[in-house]
Amino acid sequence: MMRSLFAGVSGLKNHQLQMDVIGHNIANVNTVGFKAGRVTFQESLSQMLRAASRPTEESGGLNPLQVGTGMTIGSIDTVFTQGSLQPTGVMTDLAIQGDGFFIVSDGALHYYTRSGTFQVDANGTLVHPSTGFVLQGVMADADGNIEPSRPVQNIVLPFGQKVPARATTLVSFSCNLDADTQALAQILAGDLSSHAVLTATGAPTSLTIVAGTNDTLTITVDNDAGGTVTRSLTLTAGTYASVDDLVAEINAKIRADNSLNGEVVAELGSVGGASVVQLRTVDTGGSSTQLAASGNAATNLKLPATTATGTTAATAINSLPQVVTALSAGDKIRISGLNPDGSVASGTYTYAAGDTVQDLLDAINAVLVGATASMDSEGRLLVTDNTAASSQTSLSLTLDDADGSGSVFRIPQLNVYQEGRDAGTHTASIDVYDSLGQTHNLAVIFTNISTPSSPNRWSWEVVVDDGKITPTSGSKGTVSFNADGSLLVFSSNDGQPLSFNPGNGADTVTITLDAGQGSGFAGITQLRSVSTTVAKSQNGYGMGNLQSIAVDESGRITGQFSNGVSKVLAQVLLANFSNPAGLVHAGNNLYLETANSGNAVKGAAGTTIAATITPGALEMSNVDLAAEFTDLIIAQRGFQANARVIATSDTILDEIVRLKR
């Protein structure tokens, strides 16, 4: 018989098998997790007609002569390329992106599949719906921890089961306490400041200025920059016609000096009817406004060696610039106003010759209750509350020219310089749980107790259930902050954690209050911003039932309980093989391992297995219809061509038979 006839038969037979594979692929174009098959051909054994010969000196070499006998199937491969994902919205639908297979078990064998359609049966078991095989993974312990060493087992979700209550042991705080909330004492202020004046005790010793003898005048004065300058002036030598001319010479030297110009001025004064030199500051003030003179010129001018200041408590009342016409003995100053608590403050000061500002202060202090009058370094009369808190303090001074001598004292109005206020408070509340799952409201009241000598400090106190429950320890303490507003120390007065007895049969609740780490900004801070501190979290909860589940990309199944608790229940494991193409189809989208697939390597997605799990989606078939139809045409044409070979061979055989006729 002709070899071409049998070659054509092999072509028909194997192209028919390719058609079968293509038909199977197209039939499963919508099968979840299906992986397409692929057929490859190879030629059959060839028959040798002449062997090859090597070239000689007389002739060249000859190639072998062979005739093939047709073709056979080389392989039928499963193509494990990634299929597209189709969202379904069903939380138990899972899709693998990457390598690996889901593991399901019939109780005896493990099967492997890319089909992630799973359902929860009556027992809470996650099963492969078409076979009832159970999805495999590892179960979490009671605290939701996944131990890698736990065995691979059926995944069973505890629907209908209760989670017992857990007593709160930790409450964490965060955000900010307003730094500008410390208690302030109210201060009233009225200006009694004056120039610092140095007046010579008499007329100059000499009006003749001699270089090196009486020409150096050294002036020390507080300047506008808040510092003190000392400058020496050299007066022009010569004989001056009058003290007034000497004053003019001093002022000329002062104006020529950038440090003294605008800070001090010379004037013509009078002592005992004699003209004298007088120096005074340009600015007014209190004890912080100082003026001194020295040098041989100061001696010649008879300027005192003392340091003059602005208004202080020792300043004579009649020396104040506010006294236009001197007070005489018997004049009165009426004192009226309110004490911090709102009670009336009223009294009278009677002037006596030589009285100082301190005498007026004493009279005011004798009237006030809860506030104190004083002079500050700027020459202001201050009335300061003795206690930092909101206040009603007010004060008014009125001159009564008792003898009608025309005394005029422009007493300044005492206005509010600093508003009094109570310490700022802020409350952060949170519900906590006892061992029976009953909630208790925990209110932590923060109070700013900062003072100038002890800044950045707050006290805190815990109130449980509006005071119905009295804590047994750790209910009061302080919290301190660094200068940058970060936390310094948060501690209780007794050094113990908060503890209270719920009184309902539950265990004593013991809670650690966590305000953050020292020098950190993650917990409570104290910055100039609105107080926003909250108790952001606590670790207790009441009894709850499993209501829903969620699956993450690593396959962890997290249960959502009715008490708001989220807890890991289990983790889906995947398996991978060194040669996935070596797996054997077991029907129902399942595979079994073979001797050529290698052993299953089991692990979690994203760790041992290079893959992720997408919940609420399914992996579609990887069949490419365009490619399949192209292969279908190729197979058809191949089949037709082989059929023609058989027909042609038959015609040749018929011609051979006719040769005998």
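How much space lies in the largest cavity? About 40 Å³, and I'll come back to that in a minute. Hi everyone, and thanks for coming.

A quick word on what we are looking at. This is a predicted model, where local features need pLDDT of at least 70 and side-chain atom pairs count only at pLDDT 80 or more, while totals for chains, interfaces and linings use all residues. Residues are numbered from 1 along each chain as its sequence is written, and side-chain values use heavy atoms, with hydrogens and water left out.

Let's start with the overall picture. The protein chain has five helices and 49 strands; these are DSSP runs numbered from the N terminus, helices being H or I with at least four residues and strands being E with at least two. Along its principal axes, the C-alpha trace spans about 175 × 90 × 35 Å. The radius of gyration is 52 Å, whereas a compact globule of 661 residues would have one near 26 Å. That radius is taken over C-alpha atoms, and the globule rule is 2.2 Å times the number of residues to the power 0.38.

Now, two sheets. As a reminder, strands of a sheet pair through backbone hydrogen bonds, either parallel or antiparallel. Here, two strands pair if DSSP finds at least two bridges between them.

Five bridges join E35 (residues 457–464) to E36 (residues 476–481), and Arg-457 stands opposite Ser-480 in E36.

On a 1 Å grid over the protein atoms alone, a cavity is a set of points where a 1.4 Å probe fits but cannot get out, and a pocket is an open set with protein on both sides within 12 Å along at least five of seven lines; lining residues have an atom within 4 Å of a point. Grid points are joined across faces, edges and corners, and a volume is the space filled by probe spheres set on the points.

There is one cavity of 30 Å³ or more. Its lining includes Met-91, Leu-126 and Val-572, and divides into seven nonpolar, one polar and no charged residues. In this scheme Ala, Val, Leu, Ile, Met, Phe, Trp, Tyr, Cys and Pro count as nonpolar, Asp, Glu, Lys and Arg as charged, and the others, Gly among them, as polar.

Finally, the largest pocket has a volume of about 460 Å³. Of its 21 lining residues, the closest to its centre are Ala-142, Asp-143, Val-163, Tyr-541 and Lys-567. E44 gives the most to that lining, with four residues.
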